[in-house]
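Let's take a friendly tour of the aromatic rings in a protein model. Have the structure open beside you as you read.

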Amino acid sequence: MDTKEGLRLKKEQELKILGMHCATCEVTVSRAISGVNGVKNTKVNLASGNAIVEMEGGKLADVVKAVRKAGYDVVTQKLILNVKMREEEGHKVREILEDIDGVISAKVNSASGSAVVELNPLSTSSDKVVEELKKHGYLAEVSADKVTRTSYLRELLMKLLIAAVVSPLTLIQVPLLQLIFSIPVVFYSGSIFHRGAFRAIKNRTTNMDVLVSLSSLTAWFYSFVSFLFIHSGYFFDAASFLITFILAGKALEAYIKERSSSEVIELKTIKATKENGEVVDSKNLKVGDLVVVKSGELIPADGVVESGEGFVDQSIYTGETEPVKRVRGDPVIGGSTLITGYLKVYVTRAGDRTYISQVVEALREAEVVRLPIQNLVDRISSIFVPSIIALSILTFLIWFYPLHQPLYFSTLIAIAVLASACPCGFGLATPMAVMVGIRKLLKKGIVIRNGESLERLKEVKTFVFDKTGTLTKGDIKLERYVEYLPGALQKASALESMSNHPVSKTISSLYKGEHKVESYTELDGGIYGKVDGSEVLIGKRELIRNNCEGQPQGDISICVGWKVAADIWLTDELREGVKDLIDELKERYKVIIATGDSSNFADRISRELGVELRKGLSPEDKVELINELKKSGPVAFVGDGVNDAQAIKAADVGIAVSTGTDLAKYAGDIIVPNISSIRSLIGQTGRTVRKIKENIAWALTYNAILVPIAAGALYPILGITLQPEYAALGMAMNSVSVVLWSFVQ
């Protein structure tokens, strides 16, 4: 029995609960936590907002999930780490992180060496997490940035430089000199692999380091023993070049990944010039600061133009490369570039609250996605290295005994087998393809907040669209009106002037005059108030029909004295590209419009686009529709408003338009700059998932060809063998090829 499974240790967690305001809340939270498997006792304190949870074998993540499902929240801390690890060690690092007391969840991207950890700050800290990783042999630093990755690349380059200079000297046909010159290469330059192998064995796992370390040390120690006693058959040069070639491949791989991942990260640190001339880091800006931006400079924070004018490249936000003019009063986004002009910007959001900072955080979280196909990769990786070691031993025995080859030759073949096999390709297959795919989308202004949505989008059967502001411009215009009672429209205009709703603004613009608004009340579907002593009700047909005499005909009707006094018909324009997009989607998906608008205009839009319409829906109705449609397959919902947030969250894939509300964007798995971007999103998603499968197939094929050649399959036919150093070069190129192929999307 596994020790971890056999022992059921009692642990106590203290959680800070948000949203409790009465005794009922306290009972609800207590019941939610108590219902989690493994929870033995719960104490919830309404006054302090704390919950003490005694657990025996359960998961903290399940407790947090239960609290959130009950409608409350838990104070947690998100930690972004840079971890020195091999690609195939991502699964092991995730296990270590999830086993740390107080860690709620952990996602690991072995391709970029990053990890996103959600923890309970009342029971653990970033220092404890880093220390626990260190105990298992993994060096980690809080807050992933370019410095850590560069230092790793620098270490590889330094060791490669020594190996590249010294390795050629091992070709001198003097055994003593070969021995001497091989020592710094195998034991200094190769130390990065020997340490990794020791760490892997310590953690009861195997990885590429084990193969490299085992093959190089076997070759060197065999040669050393031969030098002392046999005086023939040396592999000092092979051991040295084996290390050199693999370091070269790893350095190239690290460089490519460094370049591909640094572009967005660098935008987090921008130099800002304050109005008084002081130059500060963008993260030190505060709301209310005035900063000066000159031609060619990056805008350091989100804000509003206080003075000046210029053309700004906002492609990082919109995906559009055409610069837009910005003048006094216009918003600007941190990270965008002022192409020409001069701006003085009033900072409205700074530091981690800026749009680009949120994009970077979302990017990192999305990149640590763990797609279901990764489970297959983990199973392959878990048996790959032990299988190769067993194959190496078997190869030696076959060549040495049944085939009666010399010890030198049999050892050479066995070492070549160890050096040729590469599990890195499997480890890189998913994270590298996902990282490249997400960054390609980002260049088009599409932000992936939830990496799992990439694969879920491939399975979607139905697309549901909000109408106003999503499919249409949201610029409500008056089409026509009929006034049955003179003065009704004037009273309605006066009452509507009290509201900021787009429809209200349209109606209030009909007449300007002096009218006394005595009362004003917003209703579900309309507005009620007293104007010049008359009771006025304005709203949708259902509201008017239920409360007034007469038959309302327009999109919006007006009642004065509880009688229908006027009808108004409104119109809106479809966004550019909507018709073409919907026509394309209809060929592959079921498409539905779900809107709160119950007017005839909604029917006109439905007929124009040729799709099913569900109108007059409340936010809750939209959620019910999503749940109903899910019975036939995964559903994607596209919206932009506050009333769309629940539906976006309920859908299998929630897509928010970036011009919409912050609440909708927060709920969305994916944020698109405009409705037409969905075409690029679907295309890139398909290419990314396909690339993952291609990477895995390539890694399998590569090893399936190279390993038999290294085992001597060609020797009986062509009389040639694969030298260990060239087998190692093949190993290195496997992972490099997966990285490079991931960019072809």
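What follows looks at ring pairs, a ring cluster and charges over rings.

The model is predicted, and a search of the whole structure finds 21 aromatic pairs. One of them joins W220 and F221: the ring planes stand at 90 degrees and the centres are 5.1 Å apart, so this pair is edge-to-face. An edge-to-face label needs planes over 60 degrees apart. W220 is buried, with 6% relative accessibility, whereas F221, at 40%, is partly exposed.

Another pair to find is F463 with Y589. Its planes meet at 75 degrees and its ring centres lie 4.9 Å apart, so it also counts as edge-to-face. Where do F463 and Y589 sit in the chain? F463 belongs to strand β17 (residues 462-465), while Y589 is in the loop between α20 (578-586) and β24 (590-594). F463 is buried at 0% relative accessibility, and Y589 is buried at 9%.

Which residues form one aromatic cluster? They are F187, W220, F221, F224, F227, Y234 and F236.

The table lists two examples.

| Charged residue | Ring | Distance to ring centre |
|---|---|---|
| K159 | Y188 | 4.0 Å |
| R480 | W569 | 3.8 Å |

The charged end of K159 sits over the Y188 ring, and R480 lies over the face of W569.

Key:
Residues numbered from 1 in each chain as written. Predicted model: local features only at pLDDT ≥ 70, side-chain atom pairs only at ≥ 80, totals over all residues. Heavy atoms only, no water. Phe/Tyr/Trp six-rings, centres within 6.5 Å; stacked < 30°, edge-to-face > 60°. Buried < 20%, exposed > 50% of the residue type's maximum accessible area, 1.4 Å probe, protein only. Helix = DSSP H or I, 4+ residues; strand = E, 2+ residues; numbered from the N terminus. Lys NZ or Arg CZ within 6 Å of the ring centre and 35° of its normal.
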